[in-house]
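Hi there,

Here is the structure I promised to pass along. Have a look at it first, and then read on for what turned up.

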Amino acid sequence: MLRLDTRFLPDFPQAFKEHGPLLLQAREALLAKRKDPQSMLGWMDLPEDTETLREVRRFREANPWVEDFVLLGIGGSALGPKALEAAFNGSSVRFHYVDHVEPEPVLRLLRGLDPRKTLVNAVSKSGATAETLAALLVFLNWLREHLGEDWRRHLVLTTDPKRGALRALAEREGLRAFAIPENVGGRFSVLSPVGLLPLAFAGADLEALLMGARKANEVALAPLEENLPLQTALLQHLHRHLPVTVFMVYSERLKYLPAWFVQLHDESLGKRDEEGNRVGTTAVPALGPQDQHAQVQLFREGPLDKLIVLVVPEGATEDLLLPRVEGLEGEAGYLFGKGLFQLLKAEAEATYQALAEAGQRVYTLYLSEVSPYAVGWLLQHLMWQTAFLGELWRVNAFDQPGVELGKRLTFALLGRPGYGS
Ligand SMILES: O=P(O)(O)OC[C@H]1O[C@H](O)[C@H](O)[C@@H](O)[C@@H]1O
């Protein structure tokens, strides 16, 4: 379950009514693009894809020997799996992410791995990302050196169904390769094999995750009054004059979720609109309660330039009772007999009230609990919110022209043919 609380934005219900026609228009415009295969809206269909789910499960069952799973990928090819695996890894498989190009941590990882027990998953939609290709060169070579002909069983690719260097490699070497549908972009791909494959090895409940995402789809297509993503998109839209949107999650298990959201929001919406105006708000990641002791001072008393979104679980799957300890009655007595989760909830509520009291614009999204179902719902909800905002802000939420120059300059510096001066 996902529930929106706007109790400190008393003007919102009226604004939602007034903006009804605009919101419905935005949804209509988005859905009209569905017919166009170039439109990159394939993420809407991923929760229904039971065939891929079966394939991923079969692959997991056929490889029971895996003890270490190394994901080579960056941006949309790493942030989603990282966030979900951290939340739902119920297996003994250890996960490692090479989403960087710093030699020392790569070397440390290689020195600690047993190649016979390691599965390497190179993930890239384009098959052209320098960081991922560099990591692939290192790990492919390492597997070959240690395993001889058996290396192929230890490398699985996740990439475009037809194009790119990874697809070509898979075909040439007869490697297993899962497909990211052509019309699904990186930051919208978490429910494709990009996320499902690692999560199958993590032993997560994939069916529940997709079921939650299907619920988000249902809600996104529901009438206005029940339509959660149109509501949160409007909240973001009404506050677009505030440069910052904080995404603060009260869950240690979901500690990598803000980073996934930052890419989704910033890379989708921070760009030039149809008239060439610069648009977008800057998503700032935050974690509760840790950031109460780091960022909340600024959130309360710093500039009123933020919309703050709290994501708070309403229930714990399991609570931990705080015991009574003699000698600590003075400072800690009020905690005796309380649940740890009770403390977490109280802190989230207190932060919510304190931020509102300081005049900050803030709302809360409650998750029934940190479960695959609720989190699947949340992820897909945020993708809908982003897509609706793309319509409202008149930008293409599914491209990223602003990162191309940096790539071309990197290629030129490294002497890639065709990119020299
Ligand atoms: O999956 P890949 O094609 O390797 O892309 C990985 C990432 O890098 C690119 O530069 C894009 O800005 C991101 O949107 C993308 O998620």
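Predicted model: local features only at pLDDT ≥ 70, side-chain atom pairs only at ≥ 80, totals over all residues.

Helices here are DSSP runs of H or I with at least four residues, and they are numbered from the N terminus.

As background, most residues other than glycine have a negative phi, and most peptide bonds are trans. Methionine 40 has a positive phi, near 60°, and is not a glycine. Arginine 394, also not a glycine, has a positive phi of about 55°; you will find arginine 394 in the loop between α15 and α16. Then there is a cis peptide bond, with omega near 0°, running from glycine 288 to proline 289. Proline 289 sits in the loop that links β10 (282–287) with α12 (296–301).

**The ligand**

Which residues come closest to the ligand? Of the 14 residues that surround it, the closest are Ser77, Ser124, Ser126, Thr129 and Glu267. An N or O atom in the side chain of glutamate 267 is 2.5 Å from a ligand oxygen.

**The largest pocket**

The largest pocket has a volume of about 800 Å³. It is lined by 30 residues, and those closest to its centre are Ser126, Thr129, Gln400, Val403 and Lys407. By type, the lining consists of 10 nonpolar, 13 polar and 7 charged residues. Which helix gives the largest share of the lining? That is α16, with 6 residues. The elements that each supply at least two lining residues are β4 (118–124), α6 (130–147), α11 (257–269) and α16 (404–413).

**One buried glutamate**

Glutamate 391 belongs to helix α15 (residues 372–392). Is glutamate 391 buried or exposed? Its relative accessibility is 17%, and the cut-off for buried is under 20%, so glutamate 391 counts as buried. Apart from neighbours within four places in sequence, glutamate 391 is in contact with Ala26, Ala29, Leu30 and Lys33.

Happy browsing, and do write back with any questions!

Best wishes

Definitions and conventions: Residues numbered from 1 in each chain as written. Heavy atoms only, no water. 1 Å grid on protein atoms, 1.4 Å probe; cavity = no way out; pocket = protein on both sides within 12 Å on 5 of 7 lines; lining within 4 Å. Points joined across faces, edges and corners; volume = space filled by probe spheres on them. Nonpolar A, V, L, I, M, F, W, Y, C, P; charged D, E, K, R; others polar. Buried < 20%, exposed > 50% of the residue type's maximum accessible area, 1.4 Å probe, protein only. Contact = heavy atoms within 4.5 Å. Near = heavy atom within 4 Å. Polar contact = N/O pair within 3.5 Å; in protein donor to acceptor, adjacent residues only side chain to side chain.
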